[in-house]
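Please look over the model before reading on.

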Amino acid sequence: MVFDVRVQLGSVVRIDANERVRPTDGPVTLWVTGVRLVANRPESNEWVWLEGVKILQDGRSGDQAQILVRACLLAADQARR
């Protein structure tokens, strides 16, 4: 299995609720400080851990977070957000 995930550390990504596990608090904007692949999932269900700091609606830094997102969100052929 080959992953082509392109997210740069320090980038800010918006993650919609339907693109992640446990979407109860709605969409999240995250300043990325780490990326970890999840290799033990079936190929049709690829996920990536994004680690970082939540950015609040007013632009301030929020809590540290680890968010499990669909790998296709970060694929090379997806438009950057």
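Strands here are DSSP runs of E, at least two residues long, numbered from the N terminus. Two strands pair if DSSP finds at least two bridges between them. The model is predicted.

Start with the hairpin of β3 and β4. Five residues lie between the strands, and Gly59 there takes a positive phi near 90 degrees. The strands β3 and β4 (residues 61-70) run antiparallel, joined by eight bridges. Gly52 has Ala65 in β4 as its bridge partner.

Strand β2 (residues 28-38) also runs antiparallel to β3 (residues 47-55), again through eight bridges. Val35 is bridged to Leu50 in β3.

Leu30 sits in β2. Is Leu30 buried or exposed? Its relative accessible area is 0%, under the 20% cut-off, so Leu30 is buried. Beyond its sequence neighbours within four places, Leu30 contacts residues including Ser11, Ile15, Leu50, Val53, Lys54 and Ile67. Leu30 and Lys54 are 24 residues apart in sequence, yet their C-alpha atoms are 4.6 Å apart.

Now the pockets.

| Pocket | Volume | Lining classes |
|---|---|---|
| Largest | about 170 Å³ | four nonpolar, two polar, three charged residues |

Ten residues line the second largest pocket; Val21, Arg22, Gln66, Ile67 and Leu68 are the closest to its centre. β3 and β4 each supply at least two lining residues. β4 gives the most, with four.

Methods. Residues are numbered from 1 along each chain as its sequence is written. This is a predicted model: local features need pLDDT of at least 70, side-chain atom pairs count only at pLDDT 80 or more; totals for chains, interfaces and linings use all residues. Side-chain values use heavy atoms; hydrogens and water are left out. Buried means under 20% relative accessible area, exposed over 50%, partly exposed in between (1.4 Å probe, protein chains only). Contact means heavy atoms within 4.5 Å. On a 1 Å grid over the protein atoms alone, a cavity is a set of points where a 1.4 Å probe fits but cannot get out, and a pocket is an open set with protein on both sides within 12 Å along at least five of seven lines; lining residues have an atom within 4 Å of a point. Grid points are joined across faces, edges and corners, and a volume is the space filled by probe spheres set on the points. Ala, Val, Leu, Ile, Met, Phe, Trp, Tyr, Cys and Pro count as nonpolar, Asp, Glu, Lys and Arg as charged, and the others, Gly among them, as polar.
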